[in-house]
Amino acid sequence: MRYRIGSFSTILITLAALGCGRSALAFGYVINDADWATWPEYCKVKYTMTPIGRNTRGQYPAEARERWRRSIGPVWDGLHHYCVGMIYVHQAQGAAEPKAKQRYSYKAEHEIAYSYRGLGAGSPLFSTISAYYALALHGVGKTETAMQVLDKAIQIQPESPESYV
């Protein structure tokens with residue numbers, strides 16, 4: 001089958017414009033030992049299920065993977081984006097240069113937004129993911145949206161301390 005180069009290029013440009021290429025950023029992040037040590041177990045388990053994580057960190061037993069999948073619920077499928085976004089939030093907070101803070105905050109916003117969109121109100125991680133998303137939004141200057149995210153977290157899970165960042 002023959003394809004015209006122009007048509008193929010148009011398809012690639014369209015996919016890139018829709019963000020299809022960027023949604024895989026979390027799959028390409030190689031985590032270092034210091035970041036690994038800060039992650040909760042569910043992030044470690046999920047990361048080792050990605051191709052890059054499996055090749056660099058090994059694999060958790062099937063029972064652990066299934067336990068966390070059931071516990072976390074539907075957001076489990078995109079959870080690795082939140083986990084990588086969490087690292088970007090920490091990098092933004094520790095960056096001395098304003099441009100570096102902005103760059104890490106932008107990456108954090110993009111990654112965590114992916115998980116946030118799949119987050120149900122009944123998720124045990126609703127407030128935690130919301131808090132990190134709000135921090136990332138604030139880091140890119142979207143303070144009003146960050147406040148709305150936190151207000152929603154407080155409304156849905158008022159007992160959760162993470163809602164009160």
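A disulfide is taken here as a pair of cysteine sulfur atoms within 2.5 Å. I am working from a predicted model, and with that cut-off in hand I went through its cysteines first.

**Entry: the disulfide.** I looked for disulfides and found that the structure holds one. I then looked up where the two cysteines sit: cysteine 43 belongs to helix α3 and cysteine 83 to helix α6, so the bond ties together parts that are 40 residues apart in sequence. For the geometry, I noted a torsion of about -80° about the S-S bond of cysteine 43 and cysteine 83, and the disulfide is therefore left-handed.

**Entry: burial of the pair.** Are cysteine 43 and cysteine 83 buried or exposed? I found cysteine 43 to be buried, at a relative accessible area of 1%, and cysteine 83 likewise counts as buried, with 1% relative accessibility.

**Entry: the nonpolar core.** I turned next to the largest nonpolar core, which has 37 residues, and listed those with the most contacts inside it, among them Trp39, Tyr42, Leu79 and Ile129. I noted that α3 (41-47), α5 (62-72), α6 (79-94), α7 (98-117), α8 (126-139) and α9 (143-156) each supply at least two residues of this core. Which helix gives the most to this core? I found that α6 does, with eight residues.

**Entry: leucine 79.** I followed one of the residues with the most contacts inside the core, Leu79. Setting aside its neighbours within four places in sequence, I recorded that leucine 79 is in contact with Tyr42, Lys46, Ile72, Ser115, Leu125 and Ile129.

How values were computed: Residues are numbered from 1 along each chain as its sequence is written. This is a predicted model: local features need pLDDT of at least 70, side-chain atom pairs count only at pLDDT 80 or more; totals for chains, interfaces and linings use all residues. Side-chain values use heavy atoms; hydrogens and water are left out. A nonpolar core is a set of buried Ala, Val, Leu, Ile, Met, Phe, Trp, Tyr and Cys residues joined through side-chain atoms within 4.5 Å. Buried means under 20% relative accessible area, exposed over 50%, partly exposed in between (1.4 Å probe, protein chains only). Helices (H or I, at least four residues) and strands (E, at least two) are DSSP runs, numbered from the N terminus. Contact means heavy atoms within 4.5 Å.
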